[in-house]
Amino acid sequence: MVIGIDASRANLEHKTGVEFYSYFLIQKLKKLFTNDTECRVASEADIRCRIEKVILYSPEPLRGDLANLPAGWEWKKVSTPFRIPFRGKRPFLWTQLGLSLEMLRCPPDVLFVPSHALPLIHPKNSVVTIHDLGFESFPVCYHRLARAYLRWAARLAVRQ
């Protein structure tokens, strides 16, 4: 089994809540999963599998401790066709353009996105974390375009 993780937020130099969550979760998973880890999936037929590889996707090289990868882990640079910086953070629409193209080219068996936005193109087995709906409760705290994107991304994630 190949597990893919969106590490773009964990890799930001200046982290806030979601970025810290992503960073510390990946750090913990690095201690739990190696390329010889056996996983057990509870379903109708109890399936056992081996985690062959964990891929961290990011538009930039991994920083600091995030870059120290155990055996069976790798980093993959994912770019967008064009770069539009968004408030000095990640390239705008990196998830929807860059990560979607990567999922089309070479999807992992399972994709984990530790923030709210699944890429448009994603594996059937995808997991996303929606931390809150603050953009709905406190709309004045969000730019109109950011609020529209967050609403769209959250609805897409819930439907998928």
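Arg105 and Glu102 form a salt bridge in which the closest N and O atoms are 3.6 Å apart, a salt bridge being a side-chain nitrogen of Lys or Arg within 4 Å of a carboxyl oxygen of Asp or Glu. The two residues both belong to helix H2 and are 3 residues apart, about one turn of the helix; helices (H or I, at least four residues) and strands (E, at least two) are DSSP runs numbered from the N terminus. The model is predicted, and local features need pLDDT of at least 70, side-chain atom pairs count only at pLDDT 80 or more, and totals for chains, interfaces and linings use all residues. Residues are numbered from 1 along each chain as its sequence is written, and side-chain values use heavy atoms, with hydrogens and water left out.

Glu102 also meets Lys76 in a salt bridge (2.8 Å, N to O). This pair links distant parts of the chain, with Lys76 in strand S5 and Glu102 in helix H2 (residues 94-105), 26 residues apart.

Lys53 lies in strand S4 (residues 53-58) and Glu74 in strand S5 (residues 73-77), so the pair ties together parts that are 21 residues apart in sequence. Lys53 counts as partly exposed at 29% relative accessibility, as does Glu74 at 31%.

Lys30, which is placed in helix H1 (residues 17-32), is buried yet has no salt bridge, the nearest side chain of opposite charge being that of Asp65, 7.2 Å away; for charge, Lys and Arg count as positive and Asp and Glu as negative, while His and the chain ends are not counted. The side chain of Lys30 is instead joined to that of Gln27 by a polar contact of 2.7 Å, a polar contact being a pair of N or O atoms within 3.5 Å, of which, within protein, one must be able to donate a hydrogen and the other to accept it, and residues adjacent in sequence count only if both atoms are side-chain atoms.

Methods. Buried means under 20% relative accessible area, exposed over 50%, partly exposed in between (1.4 Å probe, protein chains only).
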